[in-house]
Amino acid sequence: MSTTKGLEGVVATTSSVSSIIDGVLTYYGYNIDDLADHASFEEVVFLLWNHRLPNKEELKKFQQELADAAVVSNEVLDQMKTYPVDKVHPMAALRTAVSNLALFDEAADEMSEEANREKALKLQAQLPTIVTAFSRIRQGKEPVAPRNDLSFAANFLYMLNGEVPDEISVKAFNKALVLHADHELNASTFTARVCVATLSDMYSGITAAIGALKGPLHGGANERVMKMLTEIGEVEKVEDYIKDALSKKVKIMGFGHRVYKNGDPRAKHLKEMSRQLTSITGETKWYDMSVKIDEIVSNEKGLLPNVDFYSASVYHSLGIEHDLFTPIFAVSRVSGWIAHILEQYANNRLIRPRAEYIGPDRQEWIPLEDR
Ligand SMILES: CC(=O)SCCNC(=O)CCNC(=O)[C@H](O)C(C)(C)COP(=O)(O)OP(=O)(O)OC[C@H]1O[C@@H](n2cnc3c(N)ncnc32)[C@H](O)[C@@H]1OP(=O)(O)O
Ligand SMILES: O=C([O-])CC(=O)C(=O)O
């Protein structure tokens with residue numbers, strides 16, 4: 001038996017959801033650059049779940065279905081109020097709340113295509129309501145109910161702040177959602193597929209995926225990028241901070257990628273958004289610091305920014321609390337998780353690889369009293 005640490009380069013399944021070929025990312029064959037520049041997040045979700053772009057009527061109907069499914073039951077919201085809200089990370093709260101959704105869905109374990117599509121809609125629509133409700137509950141405020149006349153991106157910002165957001169913020173947030181929606185067999189998507197390949201239910205798959213996304217080597221990196229920027233504080237301090245960290249072999253969050261070795265095609269979009277948004281807020285230092293870090297890390301280590309790097313200053317500029325950055329990643333990536341889960345169910349086989357045993361050989365049993 002041979003092993004590859006971290007399964008690097010191992011092709012574990014076939015998939016037609018998204019591809020990364022020669023550094024180019026596509027969702028069902030559509031280049032991410034075109035989607036980032038032109039698509040609404042709802043169009044992308046439709047594409048991921050139906051394998052084609054919607055026409056006008058289909059999009060309108062789908063947007064309405066999502067908006068109508070966004071209300072989270074009082075049972076789940078009331079339980080959220082009992083969480084130790086000022087101590088727990090919003091990703092932990094999201095993981096628990098999503099698991100809780102299943103307890104109040106009588107069809108949670110129904111496996112028909114129709115039942116799974118129904119669950120998909122609820123999960124996609126209700127994650128934003130949960131994330132924003134948690135943010136408000138911990139501030140001692142009441143959750144804001146979703147509106148069914150706003151786009152997905154606008155509704156998130158509306159539920160978060162209780163005010164209808166401006167056009168620029170909605171456009172930027174929509175683009176960030178599009179850019180994060182799917183990414184081939186990343187760790188959280190693989191987790192979701194492994195979970196549902198036992199023929200477990202979709203809520204279990206999404207709960208497991210949220211757990212995997214939470215880690216700092218994956219989605220948890222975006223919050224840590226902002227922590228680093230805040231710690232550095234000003235452009236003049238970037239060089240010393242980064243060179244010192246690199247000399248100590250500390251990983252710089254938001255850099256490097258298992259698949260992209262010549263750059264992440266999503267980073268340029270987020271970089272430009274960061275430039276524009278920080279110039280609007282007047283806090284250009286976040287962009288300037290990020291660019292300087294980017295220069296040093298690429299020169300010193302040959303590492304390039306991934307999707308998490310510039311998204312930190314983008315979300316900060318939109319006035320979003322830093323520990324909500326990873327939950328927002330989940331709000332978008334749940335669309336990809338669901339597409340992969342549907343694909344897994346449609347052509348399922350249990351996922352059960354082997355381990356090469358490297359433990360001790362032929363141990364002799366020693367009775368308890370003799371140990
Ligand atoms: C949405 C996403 O999940 S994108 C990724 C988000 N995660 C991060 O930004 C965290 C920082 N980055 C990393 O930890 C890594 O680059 C990963 C996890 C993304 C990819 O990891 P792998 O493919 O396993 O690469 P691995 O961690 O083995 O790194 C290879 C070498 O590059 C170094 N390296 C990789 N990333 C970084 C980094 N961000 N900063 C400094 N050094 C790094 C490693 O220390 C290692 O060096 P060595 O060979 O001297 O030991
Ligand atoms: O693909 C990966 O390994 C990490 C990921 O989710 C992404 O970059 O969006």
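Predicted model: local features only at pLDDT ≥ 70, side-chain atom pairs only at ≥ 80, totals over all residues.
The protein chain falls into two domains. Domain 1 is built from two stretches, 15-216 and 323-346, while domain 2 takes in 221-317. Taken over C-alpha atoms, the centres of domain 1 and domain 2 are separated by 26 Å. Contact between the two involves 19 residues of domain 1 and 22 residues of domain 2. On the side of domain 1 that touches domain 2, at least two residues come from each of β2 (24-27), α1 (32-38), α8 (167-180) and α16 (325-346). Helix α8 supplies the largest share of that side, with 6 residues. Sorted by class, the side of domain 1 that touches domain 2 holds 13 nonpolar residues, together with 3 polar and 3 charged ones.

Turning to the ligands, ligand 1 is surrounded by 18 residues. The closest of these are Ala221, Lys251, Phe255, Gly256 and Arg258. The shell around ligand 1 is made up of 7 nonpolar, 7 polar and 4 charged residues.

Around ligand 2, the residues are His183, Asn186, Arg258, Val259, Asn306 and Val307. By class, this shell comprises 2 nonpolar residues, 3 polar residues and 1 charged residue.

Notes: Residues numbered from 1 in each chain as written. Chains lettered and ligands numbered in written order. Near = placed C-beta within 6 Å. Nonpolar A, V, L, I, M, F, W, Y, C, P; charged D, E, K, R; others polar. Domains from an automatic or database assignment. Contact = placed C-beta atoms within 7 Å. Helix = DSSP H or I, 4+ residues; strand = E, 2+ residues; numbered from the N terminus.
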